[in-house]
Structures are given as structure tokens and as C-alpha cells.
Amino acid sequence: MGLRDSPEHRIYKLIRLPGLSESGMMGARDLNKYEVAKAVKRLLRSYGVESGYLSERPDLFAIKGKVPETLKDYFKELPVKSISEWTEFEYMYKYNNENKDKYGYGILRHPPYKCHKNNLQVKLLYETDQFLEKFIEIINHVDIGKYIEFVPQKLSENLSELFISRHDLKVVLISHIPENQRERVETLARAKLMSYREGVSRLQIIDGDTMLKINKNSYEYYLANLLSALYFKSGCVPFYIQTPEKYDFLHNAFYIGVALKKTSKGYVKGVATIMTGLGEIIAQVDTDQHHILRGDAMEFGEAEMKKFVEIIKEHIESYKHKLGVKPPLVVVIRTRRFKDDEWKVLKGSFYRFWRRPIGEDAILLVMSLYKTKWNIGEGMATFDGDDKHGVWLLQPQKVNYAVQLVYRSTGYSTRLPAAAYLYLRALDFVSLTHSRTGIPPVKYAYNYLRWRNIAEQW
Amino acid sequence: MVEKTSTSLIILILSKLLLYFNELIQYLKDKLIRLNLYLARKYGWSLPELWRLLDRRTLSECYQELSVLRDVFNSKDNELCELAVVYWMDLVANLHGGSLLRRHRLELPKIIEMDKESCQRKHFCQPITCIKLFILCRKGWKQLKGMAERAGDSYADVARLLIGESDFPKWCGIELSPSCQKVRATVGLKHSDLSNG
């Protein structure tokens, strides 16, 4: 049986402290929770059981196999059920003219959900004729002539074409650049950064060498991903996600993703947003240089937090300007935990400011997302917490390992964080791959920081 | 002679005045009908005075034909076009009144899979819920206006139909039957006119 077929890990909650003498540590009550978790892990190993604990919740253990019979009384197994059973969250991809599909790959067959104009002008810059021919061969599998018009042009050695012309989008077919060609990579990164207009990169870089390997059997996945990205980067919305009525909140929300990048000058944090409401989806990276936060730690320092609150306020005003109302749900996502004081500042300063015009229904949700190496079964999930805080372990279909979702909320439903994750995962316009675990807007913000780091434009 | 001329002049003026008055009455009547229809669309008011303009048999036939059309969209799992038709069924039932309207109101929640209690809840809806809510409760005019401007074509087209800014979406491929065309022509369901009240 393959990895995908059989869940390997069970999730247990430590409910009583065992005598830890067997692990060489006495007096567990004197230890902090992380030391206890480490000691319990050692204890389990002494029984031949491999385990790991959740960094945010060291009382929760992922155990390969079962807890030994003698330690059974100290643990409670968390129920693992299918994601749909937990959340009743099912979704459908909607395209133009009421076309729908179970997957984002429907973009191969259906026109995009929304385009601000037809006949988008796309400059197609190619390094070699072979790349151009292959690209045409792949793209000709679909009829996108109504929406996209390609204008091919050969790419010069110094890549100067990347910096001129203002087409809706530029597509570059370029061979893989080895790391030792630093100057060329930097040029590409500068072009990428320059291409951001209205918070979306208008430059699609395609690795020509990878593209040449695409054959008749694999072109569909490649082309669907490419099409979705092309539409999105041209200013279209490739698809809409329709969900059950109980998740209407998700469609009237402001999602703010914070990405983190370690640089030579410490940690930088960038922001990207997704605004939804009235059937509209606006995904943007905040490219304002003054909105790049810097600090020594991965979490926000006091000054950074203050600035972050101001950034959120600015974006909420922008949401109101674009959609006419303030969103009833604000979700902040990052790949680091939210410390107590960060949560307090967000709730104390930002939430009060924004909640006033919305009223009782206003929900603030913060989520931290982590990858794990625990396989609890495809399409399965488990959960511990309440509507104010808790942790979800979710493993969508065709994903090898569960993701850990730690959340805090002003309260609505325990299902909301899991649904918000699944919704955003579905709403990823630049990756349709089934096995993806990262989500926009964090992913969009991270990509921007990555290019910025290569270009060293801090 | 002078007296005769002045009498005929007076008669001429009076007849002209009468003509203008008649035109004014017609104009006001027309506006009133349109205003009524506008309010009916927006708030779901029934229109007992309007059904007299149409014979009930035509309305009943139209309703039945729409009902068949709805089944077709339902079987094709084309939810938006189905809702567009349901909205028209609602309009026609309101024009007809009586037992048809009672039956329609009873069935409507089942048809759109939403109970009447939904109307009481404060909604931040996604497009499909907004459309259903509007049909069921005539609630969310502002959201529909926003959707008509901002949503993708399919939702926006249906939102425009519901607020009276356009006809059935072309991509639904709906061809109205003669009786429904008659209803539309008689009550002047020229959507662009209606939106002006």
C-alpha cells in the first residue's frame, strides 16, 4: 500500500502527566510544556513508538501507530473524520456562463469567470524558436483567441525587452538559468518587480527547458496551470468558488496574508490581500515599499505591530472604496504563530476600530499555517479547540501530509478556520495542483518577497 | 357670425384640452403601471390591478411553460438559468394572483431550497444566496446592484435581470413561448424602462 492509501499517524492529546522517570526526567510538573512534550516523546520512543508534538500545542502528539497499552490512560485519541464530515464544506469552481467544474482544471474547457476586457494583448518573448514552437503547440490545445492575443518577439541576450512595452501581460520563454549566472537572475528579478501593476505581476516567466519535456499525456495539467496564471496576471479572475450557504461569510471577507523572508538585514515581512464581496475577487500584493516590515524576529515587534495595524486599516478603507461596504470577516494568515500580545494588539486596536460599523456580526480570525510530516489520511481532519482558539489538522485529498492550522478568533464557529483554509486553497489562481498546501494571499506575498530578495531591493 | 366662430374656437380649445388631458391620464396610467411593476420586482408586492390588463389564462399558460423550462434547467443542473426562470415565474404568479400565486408561494421555498426564515437573518451573501434571497424575500436590492456592476458575467447578468436592467442572459438560450411573450409585451416588461420606475 502506498503512502496515500494508509494513514500512518493518530493524533493524541496528553490528558494526564505520566511519571517520566523512564525517560530520565523526574518531576514533570516542574517542567514547562515544551520540556514535558520532549520528555513524553522520549518516553514513547522508549516503548518503540515514534511520535512528534505540535509546536503550537505541545499537548498534542502525532503518533505512528498506537499509544502503548501501559500509557493509554494518559492520552485521549482525537477523532479523525473526513473533512466534509467535520465542516460540510464542499465547493464548486464556477466559470463564465454558468459553466462549473469540480476542479480548477475546468479552465481548459470554460471561459474565465470574469475579464475586464476581451482580446488581452500578451507579449510573448522567446529565447529560442524551439521554445516558441513548443509553446504554440501546447497553447493550441485550447481556444483562447477570444481572450488572449499573443504578440511574439525574440528575446535579446541582455533581456532588455522585459523592461519595455506596456502590454496587459508579458510571457517569457527562457531557458533555466544556473545559479552562477547571478547577473541574469537579478535582471529577471528586477523585471519581475517592475512588472507589478495594481498588485499583480504582469510578467509570467516560463522555464523553456521544463516546457520542452511536456508530452501529450501531461500537457493538460501544465496548460491548465498556465492558463489560470495567464488569465489572473492579465487582470482576469479565472474562476469563482461557490460554497454552501452557511459559508457565505467567506465570500464577503478581507484576507490578509503575511509572508516572511530572512535576508541579510534581518527578517522582512510582506503583505498580500484578497478582497471578496458582491461576486468580486481582488487579489493583490502590497508593493508599497513603506509597507515592508522589518525586524529581528519572525514575529512582529512592537513597532512592526503598530505599523501592521495601520496597514490593515488602510486596506480596509480600500476594501470599502472598492466594494462599498466594510467586510464582515477579516482573516489574517501567516506561517508563524501569533503571540498573545500580537493577538491582543490586533483585537484591541484594529478590531475595535473596524467592528463599529459592522456590528455584532464582525469576525476577526487569525490563522497560522504549518506543514507537517504526519499522514492522517487523505481527505481527513481532526480538531481540538473551541470557537475562540484551537488547532486543526487537515489533509485534503491527494495531499501526502496534514497541514496544521492554529487559530484564534473573536468567535463564530469552530469550522470557520478549516473552511477559510479550504476556500483560499481552492482560490489559488497560480497553482491548481491537487497536492498544494500553501494558500494565497500568503503565497503571493512570499513570491513577491522572494523576487525582491533576489534583486536585493530592500 | 363672430359668436359662431368664438363657439367653435372654444369647442376646438376644449377638445384640444380634452385630448391633452386624455394623453396625460394615459401617461400617468402608464407610469403608474411601471411604478407598480418596479415596486413589485423590488418588494414582491402583488399586483391585483394589473392582471386585468391580461387575461388569466395567458398568465396561467405562461406560468406552466416557465415551469417546464425550469425543469429543463434543473435537469441540466444549470442553477443560474433556473433561478432566472423562477424569478419570472414569481413575476407572472404575482400578476395572476389568486390560487396560482398561493400555490407558487407555497412551492417557492422548496424550489430554491431556502426556507422563509432565511429572510429574517442578516445576510452577507455569496452571489447565489443573494439571488435566492431576492427571489424569496425581495431582500438585498443593494447587493444585487453591486453584483450587477462587479461580479463575473454569469452572476452579473442574472442580477441585472432581477433588478430590471436587462432581459434573460443570452447564454441561457431562453426562447419565451407566445403566451409569455404576450405577457412581457402587455405589461411592458422592457427592463430598461422598468428600472427607471
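This is a predicted model: local features need pLDDT of at least 70, side-chain atom pairs count only at pLDDT 80 or more; totals for chains, interfaces and linings use all residues.
1. Two strands are counted as paired here if DSSP finds at least two bridges between them.

2. In chain A, three strands form an open sheet in the order 7-6-14, and their pairing is antiparallel. Strand 7 (100-101) and strand 14 (240-242) of chain A are the edge strands; each has a single partner strand, so one side of each has no neighbour in the sheet.

3. Within this sheet, strand 6 (residues 92-94) of chain A is joined to strand 7 of chain A by two bridges, and the two strands run antiparallel. As for individual residues, Lys94(A) is placed opposite Lys100(A), which belongs to strand 7 of chain A.

4. Helix 8 of chain A covers residues 340-358. Its 19 residues, at 1.5 Å a residue, should span 27 Å, and the end C-alpha atoms lie 25 Å apart, which agrees with that expectation.

5. Which residues of helix 8 of chain A are buried? They are Glu342(A), Leu346(A), Phe350(A) and Trp354(A). By way of background, an α-helix has 3.6 residues a turn, so residues three or four places apart point the same way. The packing partners of the buried residues of helix 8 of chain A are helix 7 (302-323), strand 19 (329-334) and strand 20 (363-371) of chain A.

6. Turning to the chain as a whole, chain A comprises 10 helices and 23 strands. A compact globule of 458 residues would have a radius of gyration near 23 Å, and the 24 Å of chain A agrees with this. Along the principal axes, the C-alpha atoms of chain A occupy a box of roughly 70 × 55 × 50 Å.

7. Of its 458 residues, 43% count as buried. Taking the contacts in chain A between residues at least 6 apart in sequence, 72% link residues at least 24 apart.

How values were computed
Residues are numbered from 1 along each chain as its sequence is written. Chains are lettered from A and ligands numbered from 1 in the order in which they are written. Helices (H or I, at least four residues) and strands (E, at least two) are DSSP runs, numbered from the N terminus. The expected span of a helix is 1.5 Å times one less than its number of residues. A residue is buried if 20 or more other C-beta atoms lie within 10 Å of its own, exposed if 12 or fewer, and partly exposed in between; C-beta atoms are placed from the backbone. Two residues are in contact if their C-beta atoms, placed from the backbone, lie within 7 Å. The radius of gyration is taken over C-alpha atoms; the globule rule is 2.2 Å times the number of residues to the power 0.38.
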